[in-house]
Amino acid sequence: MASLLRLQALSLTLTSPRRLPSRILRSASPASPLARRFSAAASPEQRASETDLESGLYLVATPIGNLEDITLRALRVLKCAHVILSEDTRHSGKLLQHYNIKTPLLSFHKFNEREREPSILKRLHEGEAVAVISDAGTPGISDPGMELARVCASEKIPVIPIPGPSAAIAALSASGLPTDEFTFVGFLPKHGRSRKVRLEVSAREAATQIFYVPPHGIHQFLSDAASSFGDSRYRPCVIAREITKLHEEFWRGTLGEANEAFATRQPKGEITLLIEGNSISADETPSDDFLEHELKEMMAEGHALSSAVKLVAEATSAKKKDVYALALRLFGNE
């Protein structure tokens, strides 16, 4: 019964018009005894203030799969805004229809955000409340919204975050990897050399690394990561897929094991891939035993001596000449 009452109260709040005159609000026929009690308890002025928003840019996080993961505040902002900027109006229309939200939608994505920017700024300067949503998750995080927020901040227009779902944070919290320090990388660059450089930077960092990977790109990502992370054979990673959806999956293992496991598997749905940070800090010299283990792993995989030395030196803080000298002692001039 308590759940039913809360749902009725939520329905009343979400379906009330944005700006009805107080005389209409007073004369409206309540739909239930609960609605009558709610109406009597709040003055017309209080009810009007609940449906008005201050002017500003509202970055509204939306569900990444499960529609129940939206906040009450997000629903109120979407209901009361003058316009909602949406990455895909057809996709977002389903969310708004589910919650009976009638606010106009305006497409806003990476191909038209520059074109839209002047008219949006004009509306904001005129006192409107503008909401921004992406297809899923938090706007501006690997999604449209970052540049508009930057411009608004520079022009002293209020930028208001409406926090909520984020695939990166959800995956990190359930990954079992260290959460005290992490780096959100997002999607890798498309250019091969830029991808390699970014992965090599991540391989040296002590913080947990978080990537977004499209399902069709998982094989390429794991292949690139295996070559960039010299310790890929035992570097822990987590592949989170379809988070909050029916077929949610958390695959756990090492990068090397992931490369093998997904070699013949084509997963569906957006992927958040996390890799544990380098356990050897930049100012810590690895032991000869550790370097020997790494060199043997590289050689067993078929790398030439010079290639194995290069990979081990790049993946650790050891000097290349020291690794090379150790390799010569172990393997001679193979």
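Predicted model: local features only at pLDDT ≥ 70, side-chain atom pairs only at ≥ 80, totals over all residues.
**Exercise 1: Glu-200 and its surroundings**

Find the helix that holds Glu-200, decide whether Glu-200 is buried or exposed, and list what Glu-200 touches beyond its sequence neighbours.

*Solution.* 
- Step 1. Start with the position: Glu-200 belongs to helix H10, which covers residues 192–204.
- Step 2. Now look at accessibility. Buried means under 20% relative accessible area, and Glu-200 has 15%, so Glu-200 counts as buried.
- Step 3. Follow the side chain: the side chains of Glu-200 and Lys-196 are joined by a polar contact of 2.3 Å.
- Step 4. Set aside the neighbours within four places in sequence, and Glu-200 is in contact with Ser-228 and Glu-314.

**Exercise 2: Phe-211 and Phe-221**

The structure holds four aromatic pairs. Work out how the rings of Phe-211 and Phe-221 are arranged, and why their pair ties together separate parts of the sequence.

*Solution.* 
- Step 1. The ring centres of Phe-211 and Phe-221 are 5.0 Å apart, and 65° lies between the planes.
- Step 2. Planes over 60 degrees apart count as edge-to-face, so the Phe-211 and Phe-221 pair is edge-to-face.
- Step 3. Place each residue: Phe-211 is in strand E7 (residues 208–213) and Phe-221 in helix H11 (residues 218–228), so the pair ties together parts that are 10 residues apart in sequence.
- Step 4. As for accessibility, both Phe-211 and Phe-221 are buried.

**Exercise 3: Trp-251 and Phe-262**

Now try the pair formed by Trp-251 and Phe-262: describe its geometry and say where each residue lies.

*Solution.* 
- Step 1. With 5.8 Å centre to centre and 75° between the planes, Trp-251 and Phe-262 form an edge-to-face pair.
- Step 2. Trp-251 sits in strand E9 (residues 249–254), while Phe-262 is in the loop between helix H12 (255–261) and strand E10 (271–275), so parts 11 residues apart in sequence are tied together.
- Step 3. Trp-251 is buried at 16% relative accessible area, and Phe-262 is buried at 2%.

**Exercise 4: Helices H14 and H15**

Describe how helix H14 (residues 305–315) packs with helix H15 (residues 320–331).

*Solution.* 
- Step 1. The axes of H14 and H15 are 9 Å apart, and the packing angle is about 135°.
- Step 2. That angle makes H14 oblique to H15.
- Step 3. The crossing in which H14 passes H15 is right-handed.
- Step 4. Look for the residues that make the contact: from H14 they include Leu-305, Val-309 and Val-312, and from H15 they include Val-323, Tyr-324 and Phe-331.

Key. Residues numbered from 1 in each chain as written. Heavy atoms only, no water. Helix = DSSP H or I, 4+ residues; strand = E, 2+ residues; numbered from the N terminus. Buried < 20%, exposed > 50% of the residue type's maximum accessible area, 1.4 Å probe, protein only. Polar contact = N/O pair within 3.5 Å; in protein donor to acceptor, adjacent residues only side chain to side chain. Contact = heavy atoms within 4.5 Å. Phe/Tyr/Trp six-rings, centres within 6.5 Å; stacked < 30°, edge-to-face > 60°. Axes fitted to C-alpha atoms, helices over the stretch in contact; angles between N-to-C directions. Parallel < 35°, antiparallel > 145°, perpendicular 65-115°, else oblique. Left-handed = near helix turned anticlockwise from the far one by under 90°.
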